[in-house]
Amino acid sequence: MQSEIPQLAAGKATTTSMDERSKHLRRLVITALQGADRGHIGPSLSLIEILRVLYDSFLNYDPAHPRWPLRDRCILSKGHGCLALYAILADKGFFPQEELSNFCAKGAILGGNPEANKVPGVEASTGALGHGLSIGVGMALAANLQKRPSKVVVITGDGEINEGSIWEAAMSAAKHQLGNLTVVVDYNKLQSYSTTKEVLDLDPMADKWQSFGFAVQEVDGHDVNALQQVFAAIPQQSTKPNAVICHTVTGKGFPFAENDPAWHHKSYFSPEQIEKMYRALEMYP
Amino acid sequence: MRQRCLSGIYELAKTDSRVLFIGSDLGQGTLDEFRRDMPERYFMEGITEQHIIGMAAGLAMEGYIPFVNTSATFLTRRCYEQIAIDVCLHKLPVRLVGNGGGLVYAPLGPTHQATEDIAILRSLPNMTVVVPADADEMQRLMPQTATWPGPIYIRLAKGKDPIVSSDLVECKIGKAAVLREAGSVLFIANGVMVHRALMAADLLADERIGCGVINLHTVKPLDVQTLVTQAKKADIVITLEEHTTVGGMGSAVMEALVDNMHGYLPVIKRLGLPDSYISDYGSQKSALASHGLEPHHIASLAAKTLRTIN
């Protein structure tokens with residue numbers, strides 16, 4: 001299967017513009033960064049629009065009742081992208097936005113990887129990579145057994161799917177015909193050391209998921225309208241699990257950080273650097 | 001023992017709709033009756049231990065009690081991170097049922113011998129570790145697994161092992177079973193070593209040496225109170241395990257006694273397997289014998305140690 005977005009599959013940065021809501025969520029990320037003086041910036045910023053669209057228009061949930069049994073489940077399997085998850089959960093009212101300032105502080109609920117028993121809205125504690133899809137398979141099976149309409153969404157990184165356990169889970173999802181399960185791959189083409197191409201090439205990404213029995217869609221992971229259409233196109237009743245490959249940019253929104261492995265994780269920010277982040281957002285087209 | 005455990009899972013599932021069975025690639029016909037009667041709760045998932053544990057965790061997060069069954073080595077080594085993070089960190093009621101604990105698969109060599117499983121699993125927070133001595137004990141423990149909070153690892157023995165448990169001694173997860181009150185010697189054993197401890201105690205009785213025997217089927221949480229009470233009566237405590245002496249039941253007992261016996265500590269000897277991979281094949285019995293775990297070895301060590309301290 002040829003990628004429908006060749007310029008993205010080739011690893012080029014998207015130049016997709018950002019509206020005020022996307023900038024607002026990124027400002028929440030900066031708030032958390034300021035508090036902790038550290039964080040996985042690049043891999044969080046590539047997730048913002050994915051999470052925004054999932055929580056704005058795809059997932060069914062109630063922030064006042066995070067454990068509502070009929071809710072949809074969303075697992076951030078790439079737990080290190082939690083800054084983006086915290087931003088959207090705070091924005092939706094799962095917990096007060098003030099908590100963002102306590103990111104990684106001693107005794108805080110928001111840590112450098114998300115924990116289910118601490119953070120309302122976090123379904124599973126993640127951070128060790130390659131775990132979320134198997135948990136999602138279990139949750140999707142449970143939804144079928146309990147005849148619940150709950151959808152299950154698992155967001156993985158691209159480097160994360162180096163893990164063999166992901167492909168074990170993928171085979172299982174197809175075997176059980178889990179049409180209620182969607183894996184969303186944040187394909188930002190960069191992992192900690194270098195590009196995914198250099199470390200362990202994942203292409204042809206779409207072909208891989210398709211051959212594992214998934215219904216595959218590809219999309220610009222920063223294009224809000226396109227993301228909405230892709231998620232809306234996921235069938236309600238299907239015998240195939242779904243894969244949405246989101247072509248994204250690490251550090252999206254901060255031009256100086258985009259596609260730069262040095263911004264995968266950063267510590268110690270000067271007031272000037274923080275100011276530079278805010279200013280970059282203002283200037284972003 | 002395995003058959004009794006699997007039957008127990010089937011019986012539990014018949015009355016408790018939360019109970020699921022998940023196998024990897026088990027022998028043909030495994031729990032056919034479960035598959036026939038409750039096919040929607042029977043899973044045979046292939047040789048994917050990492051995935052199976054994560055999937056079981058996902059099901060447990062939604063209220064199920066999955067019993068995951070495969071060979072003890074693959075169930076503990078391959079998917080250790082999934083057990084630690086997906087199951088133990090979330091404190092989920094996943095039951096890990098490991099076939100062929102210890103040296104059961106001696107003829108198959110080191111890849112198949114679960115000789116450090118207790119050490120690695122008991123070191124995980126929230127985990128419960130159970131090593132039944134015989135099939136009857138397995139059967140008594142099974143109903144308790146439905147209500148026990150958090151994960152459980154159940155190490156299965158070979159099967160058709162001598163029956164040493166009885167209805168006369170309380171069988172409860174987390175409670176040490178005192179089979180014989182401590183004399184100057186106290187044996188603490190679990191799994192198939194309980195039978196050997198009883199035989200060694202008989203040999204010592206012939207020499208007029210009083211010897212107690214504790215069946216410590218639950219390695220975690222440890223019944224510290226019973227251990228300390230019995231150890232206080234003894235001059236020598238000898239632990240007996242089908243496991244390396246690094247970090248297993250013997251280590252757990254030693255830690256408990258050192259931490260909790262103030263002012264008096266008996267001599268402690270830990271008998272088990274060496275810190276090495278065992279690859280001399282043969283049988284479980286021959287492997288235990290070649291590592292000094294026959295009853296006469298055990299009795300002899302106890303008598304010799306007693307002489308050195310008196």
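**View 1. Strand E5 (residues 215-220) of chain A pairs with E6(A) in the parallel sense, over six bridges.** The model shown here is predicted. A:Val219 lies opposite A:Cys246 of E6(A). From E5(A) the chain passes through helix H10 (residues 224-232) of chain A to reach E6(A), a β-α-β crossover that is right-handed.

**View 2. Strand E4 (residues 181-187) of chain A also forms six bridges with E6(A), in the parallel sense.** Here A:Val184 stands opposite A:Val244 of E6(A).

**View 3. Strand E6 (residues 242-247) of chain A is largely enclosed by the rest of the structure, because six of its six residues are buried.** A:Asn242, A:Val244 and A:Cys246 point one way from E6(A), while A:Ala243, A:Ile245 and A:His247 point the other way. Residues on both sides are buried.

**View 4. Helix H2 (residues 20-36) of chain A has its end C-alpha atoms 25 Å apart.** This agrees with the 24 Å that its 17 residues should span at 1.5 Å a residue. Among the buried residues of H2(A) are A:Leu25, A:Arg26, A:Leu28, A:Val29 and A:Ile30. The buried residues of the helix pack against strand E1 (38-39), helix H3 (42-45), helix H4 (48-58), helix H5 (82-92) and helix H11 (271-283) of chain A. Just after H2(A), A:Asp37 has a positive phi of about 65 degrees.

**View 5. The contact between the chains involves 20 residues from chain B and 18 residues from chain A.** On the side of chain B that touches chain A, helix H3 (49-61) and helix H5 (80-89) of chain B each give two or more residues. H3(B) gives the most, with nine residues. By class, this side of chain B has eight nonpolar, seven polar and five charged residues.

Terms used. Residues numbered from 1 in each chain as written. Chains lettered and ligands numbered in written order. Predicted model: local features only at pLDDT ≥ 70, side-chain atom pairs only at ≥ 80, totals over all residues. Contact = placed C-beta atoms within 7 Å. Helix = DSSP H or I, 4+ residues; strand = E, 2+ residues; numbered from the N terminus. Nonpolar A, V, L, I, M, F, W, Y, C, P; charged D, E, K, R; others polar. Expected span 1.5 Å × (residues − 1). Buried ≥ 20, exposed ≤ 12 C-beta atoms within 10 Å, placed from the backbone. Pairing = 2+ DSSP bridges. Right-handed = clockwise from strand over helix to strand, strands pointing away.
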